[in-house]
Amino acid sequence: VTGFVYAFFSTVLPQIYSSVESIIIHFPTYYNNVIRTLNTFLEQTNFMAENDVLDIVNRYSEDINNFLSTSIFPSVSDLLKSVSNGVLSAVGALFNLIIGIIIAIYLLFGKERYIGLVKKIIYSVFSRERANNIMVDLRFVNRTFGGFLIGKIIDSVIIGILCFIGLKFLNAPYAVLVSVIVGITNVIPFFGPYLGAIPSTLLILLVDPRQALYFVIFILILQQVDGNIIGPAILGNSIGISSFWIIVAITVFGGFFGVLGMLVGVPIFACMYAFIRRRVDNRLRRKELPIATFAYAEADCIDEDNKIIPLISPVDRNGNSNTSSFKESKIIKNIRGLFERIRK
């Protein structure tokens, strides 16, 4: 880990710094290129007269100048105070990182003893059956979090490297910076690739709009390869939940906890989902009921013999004729057939 961190800081960060410095130095050139491209587009399409464009630019230039003179410049002291607080926060975070690494080393050296101590406490407090269930749950949490986080990190590193190779092949600008952005944001499931592609596209758009279009096409192809080939090969079925629940987990946990919630929300939700499903299945087994979900999809009720009566059955739970339920089920079937035709 130390060697990987050193290699990252010694090779990637200098190139990122040079890319950011180049953006700052050449920003007026990029601005002129955008204005020139816009003028060319307006001349070819006759969308708006050149004088109107100049009037809009002048008007917003005055607004920007007024905003800078009335809002930005008077609050320079507050800005410097915020920057100093940010530097102090970064130093504090670095100190916490060092302390965390030291504690992690001690934990790794004595992990067998600590694991045995935790198991000893669990079996002393709970009954044997409850303790065994807790151990199963803890092993599932360890397997889910370890498989997901480590797999996503490996997957993101591979995507970052492939992105760098593709950008070099396309002769796109800021290949290292864009690849780092795409690789880091790829750790976030589902929404991560789009979060990284949007600022990267805008960054390339300042230099060359055509290269930005090529980058968008390339990143779409790369994400399809990642979602269908690389990701499943690395992660496998370590999560055990569908794409819908992944979107729900990212949305809910991201809304409450921000980027960190988007990162750890999926494995947390997967563990909660597995716990609830296991306990529901155990209760159904004790009641001698089927545990397959599809068995309840068309269920109307369950009779005294624990048999599922489907919706399309013309016999009610007492064995009598149930014409209204049968007609209702036919209506439901017709509606479903209509939706199926619309879908096709």
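Helices here are DSSP runs of H or I with at least four residues, strands are runs of E with at least two, and both are numbered from the N terminus.

**Figure 1. The overall layout: 11 helices and two strands in a predicted model.**
What you're looking at is a predicted model, not an experimental one. Reading the protein chain from its N terminus, the elements go α-α-α-α-α-α-α-α-α-α-β-β-α. The chain has 344 residues, and 25% of them count as buried. As for how the chain meets itself, take the contacts between residues at least 6 apart in sequence: 53% of these join residues at least 24 apart.

Most residues other than glycine have a negative phi. N171 has a positive one, near 55°, and Y174, also not a glycine, has a positive phi of about 55°. Are these residues buried or exposed? N171 is exposed, because its relative accessible area is 65% and the cut-off for exposed is over 50%. Y174 is buried, since its relative accessibility is 11% and buried means under 20%.

**Figure 2. Y174 and the largest nonpolar core.**
Zoom in on Y174 and look past its neighbours within four places in sequence: it's in contact with S19, S22, I23, Y30, L203 and V207. Which residues have the most contacts inside the largest nonpolar core? They are C163, L167, Y174, V178, V182, F215 and I219, in a core of 23 residues. The elements giving two or more residues to this core are α1 (2-25), α6, α7, α8 (192-207) and α9 (209-235). There's also a second, separate core, with 11 residues, including I246, A249, F253 and A270.

**Figure 3. D137 of helix α6 and its polar contact with R279.**
D137 belongs to helix α6. With a relative accessibility of 10%, D137 counts as buried, because the cut-off for buried is under 20%. What does the side chain of D137 pair up with? A polar contact of 2.9 Å joins it to the side chain of R279. Setting aside residues up to four places away in sequence, D137 touches F275, R278 and R279.

**Figure 4. Helix α10, bent at F257.**
Helix α10 takes in residues 243-286. A straight helix of 44 residues would span 64 Å, yet α10 spans only 31 Å between its end C-alpha atoms. Where does α10 bend? The bend is at F257, and it amounts to about 150°. V259 is also in α10, and V259 is exposed, with a relative accessible area of 57%. V259 and G192 are 67 residues apart in sequence, but C-alpha to C-alpha they're 9.9 Å apart in space. Just after α10 comes E288, with a positive phi of about 60°.

**Figure 5. An aromatic cluster of W245, F269 and Y273.**
How many aromatic pairs does a search of the whole structure find? The search turns up five. For this close-up, pick out W245, F269 and Y273, which form one aromatic cluster.

Terms used: Residues numbered from 1 in each chain as written. Predicted model: local features only at pLDDT ≥ 70, side-chain atom pairs only at ≥ 80, totals over all residues. Heavy atoms only, no water. Buried < 20%, exposed > 50% of the residue type's maximum accessible area, 1.4 Å probe, protein only. Polar contact = N/O pair within 3.5 Å; in protein donor to acceptor, adjacent residues only side chain to side chain. Contact = heavy atoms within 4.5 Å. Core = buried A, V, L, I, M, F, W, Y, C linked by side-chain atoms within 4.5 Å. Phe/Tyr/Trp six-rings, centres within 6.5 Å; stacked < 30°, edge-to-face > 60°. Expected span 1.5 Å × (residues − 1). Bend = angle between axes of the 7 residues up to and from the residue.
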